[in-house]
Amino acid sequence: MSPQQAEARHRPSSVVVVGAGAAGVQTAVALREQGFDGGVRLVGAERHRPYDRPPLSKAVLLGGRPEDATFDVDFEKLGIALDLGRTATGIRPDLHRLETTRGPVDYDCLVLATGAEPVRLPGTEGVPGVHLLRTLDDAQALRPVLDGRLDVVVVGAGWIGAEFTTAAREAGCRVTVVEAAGLPLAGALPGDVAAPMAAWYAQAGAELRTGARVERVEPGAVVLTDGTRLPAGAVLVGIGARPATGWLDGSGIALGAHGEVLADASLRASAADVYAVGDCASFPSARFGERLLVHHWDNALHGPRTVAANIVGPSPAAYDPVPYFWSEQFGRFVQYAGRHAAADTVVRRGDPGGDSWSVCWLRGERMVAVLAVGRARDLAQGRRLIASGAPLAAERVADPDVPLKSALRPTAKSG
């Protein structure tokens with residue numbers, strides 16, 4: 001077989017992308033950028049023109065135009081067919097067929113990019129005034145809450161809870177945040193690192209109740225397990241998200257413990273000609289020595305480039321990023337890169353009671369994660385150090401006046 005014949009067999013004539021969020025849009029765009037000239041079809045459950053999610057908890061929530069969140073992509077010019085208002089319901093890998101609410105769609109190559117869906121608070125289905133914040137419709141439904149300056153109870157002091165609380169306080173709402181754990185961001189950061197962030201709520205005029213659990217939600221109130229009754233003109237539930245993959249049951253696509261698609265290092269799923277990218281998929285990381293499930297926008301930006309390269313090119317490309325995330329909350333810009341779970345040393349830079357500080361995690365002499373609050377340079381340099389694996393001198397890392405890039409351990413010189 002000639003190289004040209006091998007490439008022709010490898011490259012599909014058309015690609016169907018399921019999910020019109022960031023990962024799906026970026027996959028379709030990356031295919032065109034990398035020279036794919038076959039058909040590209042973007043299937044999305046929502047009828048809205050594809051939009052980005054980060055503005056929902058910020059600009060759109062505070063009165064910005066919904067159009068400002070839409071992707072600046074000329075789909076027509078790129079020859080990307082938008083198939084919106086069509087919900088995927090299953091896959092027949094043996095037939096190369098996607099089942100949907102509007103009939104089957106055949107594919108040569110399929111990319112799963114359905115993202116994640118918010119976890120609902122049990123017992124709140126159908127209760128008026130209970131909101132989630134994941135979609136454009138969710139953000140628009142919350143606008144009257146902020147415009148009316150209603151009393152709001154936020155369930156969950158994670159990233160979404162903090163960002164919504166910030167917006168609600170800016171709008172003049174009275175906000176009470178209920179968190180089952182002892183500190184905010186309990187599932188994302190170690191307790192001693194997250195502890196200083198608890199004070200941010202009070203500084204913003206919000207009440208944070210940690211170690212508190214919801215017994216039930218009634219119209220106009222949230223009742224805690226200790227009997228406390230919190231007035232609530234509206235309730236925002238932000239207790240996490242899970243991969244939106246329930247529709248894959250019975251498809252034969254291998255799923256992980258969290259319901260995510262188990263992709264390989266090239267982001268291929270277990271079925272032939274099927275890839276998975278973004279919030280709905282996990283992948284093995286040689287860098288961190290574990291399988292990663294990353295629910296952050298940066299993953300939805302970079303993963304699609306690897307998928308496109310593997311669809312278009314003859315040689316497999318591996319995906320092994322340094323995960324990155326940011327959040328704007330309470331007047332602070334919070335950034336995180338890497339994976340701190342395997343660290344054996346924690347190094348702090350600056351006063352965590354101030355407006356500018358960071359935390360670095362090391363494994364041996366190599367950085368594996370960095371959290372930066374108001375120290376964008378630490379994040380940028382730390383992320384590069386994580387990627388390079390360069391050995392560092394911990395005592396220099398601890399000095400906030402020393403740029404992280406200058407904390408490299410001197411190499412021994414041979415005689």
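R41, D83, R86 and R102 are linked in a network of salt bridges, a salt bridge being a side-chain nitrogen of Lys or Arg within 4 Å of a carboxyl oxygen of Asp or Glu. The structure is a predicted model, in which local features need pLDDT of at least 70 and side-chain atom pairs count only at pLDDT 80 or more, whereas totals for chains, interfaces and linings use all residues. Residues are numbered from 1 along each chain as its sequence is written, and side-chain values use heavy atoms, with hydrogens and water left out.

By the rule stated above, the count comes to 22 salt bridges. Side chains of opposite charge can pair when their charged atoms come close. One of the pairs joins D279 to R134, with an N to O distance of 3.1 Å. This pair links distant parts of the chain, 145 residues apart, since D279 lies in the loop between β19 (274-276) and β20 (281-285), while R134 lies in the loop between β9 (130-131) and α4 (136-147); helices (H or I, at least four residues) and strands (E, at least two) are DSSP runs, numbered from the N terminus. D279 counts as buried at 11% relative accessibility, whereas R134 is partly exposed, with a relative accessible area of 22%. Here buried means under 20% relative accessible area, exposed over 50% and partly exposed in between (1.4 Å probe, protein chains only).

A salt bridge is also formed between D68 and R65, whose closest N and O atoms are 2.9 Å apart, and D68 is partly exposed at 48% relative accessible area. In the salt bridge of R209 with E207, the closest N and O atoms are 3.0 Å apart; R209 is partly exposed at 26%, and E207 is partly exposed at 37%.

A search of the whole structure for disulfides (pairs of cysteine sulfur atoms within 2.5 Å) finds zero. C109 is accordingly in no disulfide, and the nearest cysteine sulfur, that of C280, is 14 Å away. C109 is buried, with a relative accessible area of 4%, and C173 is buried at 0%.

Nine of the twelve residues of α5 are buried, so the helix is largely enclosed by the rest of the structure; among the buried residues are W159, E163 and F164. Just after α5, G172 takes a positive phi of about 95°.
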